[in-house]
Amino acid sequence: MVSESNFPLISGYLSLDLVNTEVVRNGTRYDLLTKSEDVINWVNTLLEENILLTKQISDNVQEWSSQALPILREIRSFLRKGYESLADREDLSEGWINYLETAIEKAPFTYKVENNELIPVPIGQPSNVLISLVALDAIKLYTSNKLSSIHRCANPSCVLLFIDTRGRRKWCSMRICGNREKVTRFQRRQRQE
């Protein structure tokens with residue numbers, strides 16, 4: 001799943017899609033969450049892609065986006081460090097789960113049923129609600145053992161991470177890096193001929 005927006009939503013997992021709001025374009029690393037408008041756009045993109053549901057968060061994102069920005073960037077940095085360690089087949093730092101549990105405690109959950117599915121709905125300050133959902137997603141990935149299938153993109157200049165349970169995927173996305181590599185190889189072959 002790759003969104004048409006500036007945000008590479010390649011996983012469908014909230015916590016991993018947050019980590020992937022740092023990208024490399026033309027050899028330069030960019031942070032896609034630098035101002036409150038970026039948070040608003042990211043949340044709206046997540047809602048459009050049904051990664052977040054309107055029942056789960058306050059619909060007045062404009063009111064709390066600036067408060068959420070530094071907290072989102074902090075948890076993103078924490079998750080990136082852990083996810084990259086796992087992608088490199090290293091252990092998570094001690095206290096990784098505890099950090100996420102503490103984030104959830106700031107906005108604990110109630111639940112709603114939608115389309116015969118149990119939907120977690122955090123209760124608390126809107127910025128903490130979003131962080132709580134991110135932390136819950138990360139804990140679910142950990143407890144379901146999906147993080148054992150986390151990988152770095154095969155493009156050495158790409159910083160995107162993805163989950164591949166089949167063991168065949170090399171690229172964060174064919175659209176982002178896979179096709180570029182194919183074009184580069186094709187051009188190399190053309191020059192050699």
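With a relative accessible area of 51%, Asn145 is exposed, where exposed stands for over 50% relative accessible area, buried for under 20% and partly exposed for values in between, with a 1.4 Å probe and protein chains only. The structure is a predicted model, in which local features need pLDDT of at least 70 and side-chain atom pairs count only at pLDDT 80 or more, while totals for chains, interfaces and linings use all residues. Residues are numbered from 1 along each chain as its sequence is written, and side-chain values use heavy atoms, with hydrogens and water left out.

Asn145 is placed in the loop between helix H5 and strand S5 (150-152), helices (H or I, at least four residues) and strands (E, at least two) being DSSP runs numbered from the N terminus. Although Asn145 is not a glycine, its phi is positive, at about 65°. Most residues other than glycine have a negative phi. A positive phi, near 60°, is also found at Asn50, likewise a residue other than glycine. Asn50 follows helix H2 and belongs to the loop between H2 and H3; because its relative accessible area is 58%, Asn50 counts as exposed.

The secondary structure of the protein consists of six helices and six strands, which follow one another along the sequence in the pattern α-β-β-α-α-α-β-β-α-β-β-α. The protein has 193 residues, of which 48% count as buried. Among the contacts (heavy atoms within 4.5 Å) with a separation of 6 or more, 58% join residues 24 or more positions apart.

Helix H2 covers residues 36-48, and its end C-alpha atoms are 18 Å apart, which agrees with the 18 Å that its 13 residues should span at 1.5 Å a residue, since the expected span of a helix is 1.5 Å times one less than its number of residues. The buried residues of H2 are Ser36, Asp38, Val39, Ile40, Trp42, Val43, Thr45, Leu46 and Leu47, and their cover includes helix H1 (14-19), helix H3 (61-87) and H5. An α-helix has 3.6 residues a turn, so residues three or four places apart point the same way.

Glu105 counts as exposed because its relative accessibility is 61%, and the C-alpha atoms of Glu105 and Gly124, 19 residues apart in sequence, are 9.5 Å apart in space. Lys106, in the loop between H4 and strand S3 (109-114), is also exposed, with a relative accessible area of 53%. Apart from neighbours within four places in sequence, Lys106 is in contact with Ile123, Gly124 and Asn128, and its C-alpha atom is 8.8 Å from that of Ile131, which is 25 residues away in sequence. By contrast, Ser132, a residue of helix H5, counts as buried because its relative accessibility is 0%. When neighbours within four places in sequence are set aside, the contacts of Ser132 are with Ala103, Ile104, Ala107, Phe109 and Pro122.

The largest pocket holds about 550 Å³ of space. On a 1 Å grid over the protein atoms alone, a pocket is an open set of points with protein on both sides within 12 Å along at least five of seven lines, whereas a cavity is a set of points where a 1.4 Å probe fits but cannot get out, and lining residues have an atom within 4 Å of a point. Grid points are joined across faces, edges and corners, and the volume is the space filled by probe spheres set on the points. The lining of the largest pocket comprises 23 residues, and Ile51, Gln56, Glu117, Asp137 and Lys140 lie nearest its centre. Strand S4 (117-122) and helix H5 (126-143) each supply at least two residues of this lining, with the largest share, five residues, coming from H5. The lining has twelve nonpolar, five polar and six charged residues; Ala, Val, Leu, Ile, Met, Phe, Trp, Tyr, Cys and Pro count as nonpolar, Asp, Glu, Lys and Arg as charged, and the others, Gly among them, as polar. Gln56 is placed in the loop between H2 and H3 and counts as buried because its relative accessibility is 9%. Beyond its neighbours within four places in sequence, Gln56 is in contact with Ile119, Pro120, Val121, Pro122, Val129 and Leu133.
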